[in-house]
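The structure is shown first.

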Amino acid sequence: MSDNLKRTPLYQSHVDTEGKIVEFGGWEMPVQYSGVIAEHQAVRNQAGIFDVSHMVEIRVSGEDALKFLQKLLVNDLSEIEDNQVQYTMMCYPDGGVVDDLLVYRYNEDDYLLVVNASNTDKDYKWIKDKEEQGVRVVNQSDEIAEVALQGPLAEEVLQELTDFDLSTIKYFWFEDSVEIAGVEAIVSRTGYTGEDGFEIYTANEGIEKIWNAILDAGQDKGVVPVGLGARDTLRFEANLPLYGHEIGKEKNPLEAGLRYFVALDKEEEFIGQDALKEIEANGYQRKLVGLEMIDRGIPRDGYDLLKDDEKIGVVTTGSYAPTLDKNVGLGYVKTEYAEEGTEIEVQIRRRKCKAKVVALPFYRREK
Amino acid sequence: MEILEGLYYSEDHEWVRVEGDKVYVGIADYAQNALGDIVFVEFPMEGEEYEAEESVGVIESVKAVADLYTPVSGEVLEINEDLYDNPQKLNEAPYENWMIAVKLADEEELDDLMTAEEYKKFCEEEEE
């Protein structure tokens with residue numbers, strides 16, 4: 001592999017446990033260990049641990065940090081309190097998506113933004129270029145590593161490694177300075193799988209200790225390391241968007257079904273607000289929908305969607321979905337075909353295969 | 001990685017078992033391992049004729065789509081329909097689950113394929 005690829009502090013661990021390494025967003029990352037389906041099921045039924053150290057942490061602080069971020073982000077950041085996390089996006093003036101991200105609020109003047117690895121340079125530049133007096137933007141990614149522990153047993157397993165009562169961390173809240181296996185970490189109840197679980201951030205030096213401790217504590221409970229392959233099938237079943245697929249420069253959050261996260265009427269003006277308001281007022285040209293195959297075949301990213309031989313859309317993610325044991329996809333279709341139950345066709349190589357529009361998400365965990 | 005004696009192998013990691021003028025084609029252990037969990041197969045129609053190295057079908061794992069090539073020319077006599085419902089058998093036992101059977105049109109094409117020993121060497125070189 002190319003020499004410019006980056007490695008996380010857990011790289012050697014992955015190689016030692018026979019993780020299959022691939023290039024992803026400029027990093028050498030494990031795509032699978034025992035197998036995508038087995039890892040996927042482990043997360044749904046027990047728990048799995050992911051190395052997500054490639055994620056990018058950008059610290060935004062200063063007396064004008066909130067004002068600055070309100071202008072940059074589409075969600076209303078004033079709605080969250082200290083120690084709360086918010087899912088949000090950055091948009092271009094035309095409403096297209098720069099990236100989606102999580103914002104961690106330490107206090108009114110101090111925030112941590114977690115963005116996608118594949119967008120590191122673009123995102124950092126986008127934010128840094130807008131830096132003004134009263135705001136400090138620092139990329140802390142080189143010092144911070146991250147693992148995610150996801151699945152119904154996540155809390156039980158992680159609780160063995162800390163005196164902090166994890167049940168007090170509610171969904172989309174976090175706690176700073178939690179000791180996990182003796183290592184100080186940020187712990188948030190967040191994730192990208194559709195399961196309960198935690199994301200754990202710490203300095204590079206401490207991450208291996210946490211990783212090993214979680215695997216040891218979870219060994220008898222069926223906790224396994226999980227690669228990027230299952231990370232994708234898990235998030236896809238739960239209809240969590242992936243940059244470059246469901247959202248991107250040419251795709252706005254509204255048509256992507258993320259209206260809930262866009263504070264169109266936010267008092268502070270934000271980048272893309274006018275364009276998004278206009279889209280909201282004029283009606284969507286297309287919508288992101290769920291597709292389930294009727295004929296045999298797997299819809300894949302980029303395949304055309306047809307109705308009566310006319311192209312009406314395109315697949316953004318598609319796969320065999322292990323939890324459903326079905327072949328399903330996400331894709332954009334012209335709005336008139338977005339209604340549940342609509343029969344359309346997917347162009348799979350030379351064949352036109354029947355599929356129908358179904359409700360999203362494909363999978364929702366029982367609470 | 002398992003390589004079975006008595007079979008011919010292609011550079012695309014297919015195996016060929018010869019029974020008279022009928023040959024069975026499957027994928028080698030190396031191929032199933034590289035693909036990962038196989039969840040879908042697509043076959044040619046019985047009766048169709050193909051040239052050696054032509055794409056005759058598709059094998060899909062959760063993450064990847066790969067072509068199935070026929071290592072020899074000839075008419076497709078049979079397809080292994082069992083794999084439609086049980087594609088994971090290609091992972092579990094790649095040498096016990098043939099994919100297509102072809103009527104061998106030109107016996108000399110077998111000389112272009114590798115023996116088990118040659119294929120073993122080929123795989124080792126690929127790994128490097």
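In this predicted model, strand S14 (residues 286-293) of chain A runs antiparallel to S17(A), and seven bridges join them. Strands here are DSSP runs (E, at least two residues) and helices are runs of H or I, at least four residues, numbered from the N terminus; two strands pair if DSSP finds at least two bridges between them. S17(A) also pairs with strand S16 (residues 310-321) of chain A.

| Partner of S17(A) | Bridges | Sense | Opposite residues |
|---|---|---|---|
| S14(A) | seven | antiparallel | A:Gly290 and A:Leu330 |
| S16(A) | eight | antiparallel | A:Gly318 and A:Gly329 |

S16(A) and S17(A) form a hairpin with four residues between them, and A:Asp325 in the turn has a positive phi of about 55°. Strand S17 (residues 326-334) of chain A is largely enclosed by the rest of the structure, because seven of its nine residues are buried (under 20% relative accessible area, 1.4 Å probe, protein chains only).

A:His40 is found in helix H2 (residues 36-45) of chain A. A:His40 counts as buried because its relative accessibility is 0%. Leaving aside neighbours within four places in sequence, its contacts (heavy atoms within 4.5 Å) include A:Glu237, A:Pro322 and A:Thr323.

Residues are numbered from 1 along each chain as its sequence is written, and chains are lettered from A and ligands numbered from 1 in the order written. Local features need pLDDT of at least 70, side-chain atom pairs count only at pLDDT 80 or more, and totals for chains, interfaces and linings use all residues, while side-chain values use heavy atoms, without hydrogens and water.

Conventions
Buried means under 20% relative accessible area, exposed over 50%, partly exposed in between (1.4 Å probe, protein chains only).
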